[in-house]
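Please look over the structure below.

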Amino acid sequence: MDLNADFTARALVHSSQIDWQPSPMPGVDRRMLDRIGDEVARATTIVRYAPQSRFSEHTHTGGEEFVVLEGVFSDQHGDFPAGSYVRNPPTSAHAPHSDAGCTIFVKLWQFQPEDRTHVVIDMNKMEYIPDASRPGVAVMPLFQDAFETVRAERWNAGADVSLDLPDGGEFLVLEGALTEGGTHLEKGGWLRLPVGSKLDAVAGPEGARLWTKTRHIPHAKPPAV
């Protein structure tokens with residue numbers, strides 16, 4: 001399956017407006033945002049776990065990165081409430097489940113093969129740092145290496161936000177709303193901009209909070225299977 005697989009093009013999905021699709025595991029459904037491959041895929045997805053649903057233990061050969069959007073996601077390593085940011089690098093393994101149910105934003109097969117950095121951040125306990133170059137914007141660093149920069153951003157109500165993206169960028173609205181390119185994005189709105197783009201957006205009347213990733217588009221490739 002190829003879905004929003006042209007990384008030279010702008011891609012936008014209002015995830016709250018698309019249907020849930022069943023996964024191979026009962027009680028686990030998904031809304032696909034981009035995908036290259038079938039069940040083993042380079043994929044960006046919103047995944048919903050019903051209460052008491054689970055996956056059998058598996059290894060993430062290509063790594064897994066996720067943000068818990070609602071509820072509590074669990075595995076043998078701990079419980080991760082809404083607001084958790086987690087990176088499980090290539091070769092890591094776990095058996096995920098959710099007792100009460102949860103929704104996560106997850107990216108698979110998007111790590112560098114040699115990456116072994118495990119990250120767990122509770123964003124609820126971290127502070128935002130004002131961005132001196134962009135009035136009305138504060139940032140929370142989550143991860144950075146030679147290939148990508150990941151952070152959360154908080155935009156004040158009505159803020160005009162510009163960001164040059166020489167290596168592209170990706171944005172998920174976690175709370176609030178924004179307008180970009182004449183398009184209104186609310187909670188769950190996902191935007192991917194190609195190399196050489198510029199983000200020009202305006203935060204909504206209640207502001208916006210986003211997950212962002214930049215510099216990674218040139219390294220996008222299918223899963224190594």
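## Aromatic pairs

The count comes to six aromatic pairs, where rings of Phe, Tyr and Trp (its six-membered ring) pair if their centres lie within 6.5 Å. Planes under 30 degrees apart count as stacked, over 60 as edge-to-face and the rest as tilted. Two of the pairs are tabulated.

| Pair | Centre to centre | Angle between planes | Class |
|---|---|---|---|
| Tyr-49 and Phe-55 | 6.1 Å | 65° | edge-to-face |
| Phe-73 and Phe-80 | 6.4 Å | 40° | tilted |

This is a predicted model: local features need pLDDT of at least 70, side-chain atom pairs count only at pLDDT 80 or more, and totals for chains, interfaces and linings use all residues. Residues are numbered from 1 along each chain as its sequence is written, and side-chain values use heavy atoms, with hydrogens and water left out.

Ring pairs join Tyr-49, Phe-55, Phe-66, Phe-73 and Phe-80 into a cluster. Phe-73 is buried at 0%. Tyr-49 is buried at 6%, and Phe-80 is buried at 9%. Phe-55 is partly exposed at 23%.

## His-216

His-216 sits in the segment after S22. Strands are DSSP runs (E, at least two residues), numbered from the N terminus. His-216 is buried, with a relative accessible area of 6%. Its side chain makes a polar contact of 2.9 Å with that of Glu-170. Such a contact is a pair of N or O atoms within 3.5 Å, one able to donate a hydrogen and the other to accept it; residues adjacent in sequence count only if both atoms are side-chain atoms. Leaving out residues up to four places away in sequence, His-216 touches Phe-147, Glu-148, Asp-167, Gly-169 and Glu-170 (heavy atoms within 4.5 Å).

## Pocket and cavity

Both spaces are found on a 1 Å grid over the protein atoms alone. A cavity is a set of points where a 1.4 Å probe fits but cannot get out; a pocket is an open set with protein on both sides within 12 Å along at least five of seven lines. Lining residues have an atom within 4 Å of a point. A volume is the space filled by probe spheres set on the points.

The largest pocket has a volume of about 570 Å³. Of its 27 lining residues, the closest to its centre are Glu-39, Phe-55, His-58, His-60 and Leu-108. S5 gives the most to the lining, with five residues.

The structure holds one cavity of 30 Å³ or more. Its lining includes Trp-155, Phe-171 and Leu-210. Strands S19 (169–180) and S22 (197–214) each give two or more residues to that lining.

Definitions and conventions: Helices (H or I, at least four residues) and strands (E, at least two) are DSSP runs, numbered from the N terminus. Buried means under 20% relative accessible area, exposed over 50%, partly exposed in between (1.4 Å probe, protein chains only).
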